[in-house]
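Okay, thanks everyone, let me get the model up on the screen. I'll talk about overall dimensions, then the fold, then what's packed inside.

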Amino acid sequence: MERNLVMIRTFRGSGYTIGHLYCGSQRLCDTLEDEVRELPPTCPDTPQGRACGCAGKVYAQTAVPAGRYRLTFRQSPKFGRKMLALLDVPHFIGILMHGGRTAKDSAGCVLVGINSRKGELTGSKECLAALEATVKALERRGDEVYLYVINGFMA
Ligand SMILES: [Zn+2]
């Protein structure tokens, strides 16, 4: 069956975005991404495998659009192992969920950890391991995992 993880973005910082990741009612960890920017609903480029040239996109400084994306493991040349990847994200190619500390460590990817300081994550390694284990366990049961990305900002 289809299973949803939910990421609710709650805070827009200067150059970064903080959110929280849930599996059902269980809060898994916090998330840090690049800035959320206004993008067109569809992209003429990335479905054809070309880099996005849309207005509004700032390369490596833009978070993925709100939406629901398949989340599964894909071999990453950069990390040299299978990583959690978000599939078919408009305007983006090769979006992963991985560890990191600040928005400098992300080019649109979703960083996981604990948001213990302003604009920073700690404990990324442990959080990523727990998230990967959660998805792996669901996939082992034959489930398909999706990530809901929700802009839950208060005004
Ligand atoms: Zn685009």
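So, quick definition before anything else: the radius of gyration here is taken over C-alpha atoms, and the globule rule is 2.2 Å times the number of residues to the power 0.38. And keep in mind this is a predicted model. For 155 residues, a compact globule would have a radius of gyration near 15 Å, and the chain has 15 Å, so the two agree.

On to the fold. Of the contacts between residues at least 6 apart in sequence, 55% join residues at least 24 apart.

Now the inside. Buried residues make up 47% of the chain. The largest nonpolar core has 31 residues, and Leu-5, Leu-71, Met-97 and Leu-147 have the most contacts inside it. Who gives the most to this core? That's α1, with five residues. Have a look at Leu-5: setting aside neighbours within four places in sequence, its contacts include Leu-71, Leu-131, Val-135 and Leu-147. There's also a second, separate core of six residues, with Tyr-16, Ile-18, Leu-111 and Leu-121 among them.

Last, the surface. The accessible area is about 8300 Å², and 53% of that belongs to carbon and sulfur atoms. As for charges, I count 21 positive and 15 negative side chains, with the centres of the two sets 3 Å apart.

Conventions:
Residues numbered from 1 in each chain as written. Predicted model: local features only at pLDDT ≥ 70, side-chain atom pairs only at ≥ 80, totals over all residues. Heavy atoms only, no water. Buried < 20%, exposed > 50% of the residue type's maximum accessible area, 1.4 Å probe, protein only. Contact = heavy atoms within 4.5 Å. Areas by Shrake-Rupley, 256 points an atom, 1.4 Å probe, with all protein chains shown as cover. Lys, Arg positive; Asp, Glu negative; His and termini not counted. Charge placed at Lys NZ, Arg CZ, Asp CG, Glu CD. Core = buried A, V, L, I, M, F, W, Y, C linked by side-chain atoms within 4.5 Å. Helix = DSSP H or I, 4+ residues; strand = E, 2+ residues; numbered from the N terminus.
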